[in-house]
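Me: I'd like to go through this model term by term, asking what stands behind each label. Could you set each value against its cut-off for me?

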Amino acid sequence: MAEFIYLSENNALFFYGFIFVLSLMIGSFLNVVIYRLPKMLEQGWYQECREFLADELKHASTTDETILTLSTPNSTCPHCQHSIRFYENIPVISWLLLKGKCSQCKNKISARYPLIEISTALLSLVIAQHFGVTIITCYALILTWGLIALTMIDFDHMLLPDQIVLPLLWLGLIVNLSNGIVPLQDAVIGAIAGYVSLFSVFWLFKLATGKEGMGFGDFKLFALFGAWVGWQLLPLLILMASVVGAIIGISLIIFKNHQKGQAIPFGPYIAIAGWITLLWGDLIWSWYLSQVL
């Protein structure tokens, strides 16, 4: 470990190369998480329902469904069920060599998979450049990888799984135990303020309109960032999330025939704004206040 740290501190090419390759592999794993975790949660909910309604369902027909985990069963082509070999699963490279097609049935493999892998690597490089060879880089990389998974899952399923959000929230508090990014007091207040603020907005909106404007996962995600960046930057974060959400929402309506009344997940915009705030929040907030005051 000491030799690795020495090489990283004295050889930028080694450090950034290691982060890039590692993050490509993590990106490949994130594709699995994004696809399988919602299905695993759904299977768990169905199982809980069966157990709760055991008597009512004992005569109901059941279907054999493969139990999913993040490691089993092996990845397969969704079209022909061809088992993907290890050399067909090398991040980005395999997709390029296969020309974006299954080696067996020749159906297209979505470009989304290599895009997530390369995005994970590039965002990780930004983290490494910003924080350098420090323990904060390790923590911030874990946060970044988790946010990528949350963003894609929320886009796909309107869902922010507690299995990802809550560990990242606690990690933020752990990071700040010794004033890693902000003082611990600011982190704790930030987590509380983040949750309570959106929770209050949720109920005010529901009382006024009778509709739910956001999900409970959004409260927890906002609390997560409060734990990482402190309460002082939460106003900036929600402002940026609203701007990003408005831009992307309008773009979806214009370019993808998105219905105006159709729900749009807010979690990805909080994630994007929160990640930017983590890196450059103080600079952006100072600039903003200098413009409005």
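Me: Why is Leu279 called buried?
Reply: Buried means under 20% relative accessible area, exposed means over 50%, and partly exposed is in between, using a 1.4 Å probe and protein chains only. Leu279 has 7% relative accessibility, so it counts as buried. Bear in mind that this is a predicted model, where local features need pLDDT of at least 70, side-chain atom pairs count only at pLDDT 80 or more, and totals for chains, interfaces and linings use all residues. Residues are numbered from 1 along each chain as its sequence is written, and side-chain values use heavy atoms, with hydrogens and water left out.

Me: Where does Leu279 lie, and what does it touch?
Reply: Leu279 is part of helix 11; helices are DSSP runs of H or I with at least four residues, strands are runs of E with at least two, and both are numbered from the N terminus. Contact means heavy atoms within 4.5 Å. Leaving out residues up to four places away in sequence, Leu279 touches Val126, Ile127, His130 and Phe131.

Me: How many helices and strands does the protein have?
Reply: There are 11 helices and zero strands. Buried residues make up 37% of its 293 residues. Of the contacts with a separation of 6 or more, 70% join residues 24 or more positions apart. The C-alpha trace spans about 65 × 60 × 40 Å along its principal axes.

Me: Is Thr120 buried or exposed?
Reply: Thr120 has a relative accessible area of 0%, so it is buried. Thr120 sits in helix 5, which runs over residues 112-131. Beyond residues up to four places away in sequence, Thr120 touches Ser23, Ile26, Gly27, Leu30, Trp145 and Ile148.

Me: What lies 2.7 Å from a polar atom of the Thr120 side chain?
Reply: The backbone oxygen of Ile116 does.

Me: Why is Lys106 called exposed?
Reply: Lys106 has a relative accessible area of 52%, and exposed means over 50%, so the label applies. Lys106 lies in the loop between helix 4 (93-97) and helix 5. Its phi is near 65°, a positive value in a residue other than glycine. Asn179 also has a positive phi, near 55°, and is found in the loop between helix 7 (162-175) and helix 8 (184-209).

Me: What labels do Cys102 and Cys105 get for accessibility?
Reply: With a relative accessible area of 5%, Cys102 is buried, whereas Cys105, at 27%, is partly exposed.

Me: Which residues touch the most other members of the largest nonpolar core?
Reply: A nonpolar core is a set of buried Ala, Val, Leu, Ile, Met, Phe, Trp, Tyr and Cys residues joined through side-chain atoms within 4.5 Å. Among the 61 residues of the largest one, Leu224 and Ile270 touch the most other members. Helix 6 gives the largest share of this core, 11 residues. Not counting residues up to four places away in sequence, Leu224 touches Leu143, Val165, Leu168 and Leu169.

Me: Where is Val32, and which residues is it in contact with?
Reply: Val32 is in helix 2. Apart from neighbours within four places in sequence, Val32 is in contact with Leu37 and Leu70. The C-alpha atoms of Val32 and Ser75 are 8.4 Å apart in space, with the two residues 43 apart in sequence.

Note on methods. Polar contact = N/O pair within 3.5 Å; in protein donor to acceptor, adjacent residues only side chain to side chain.
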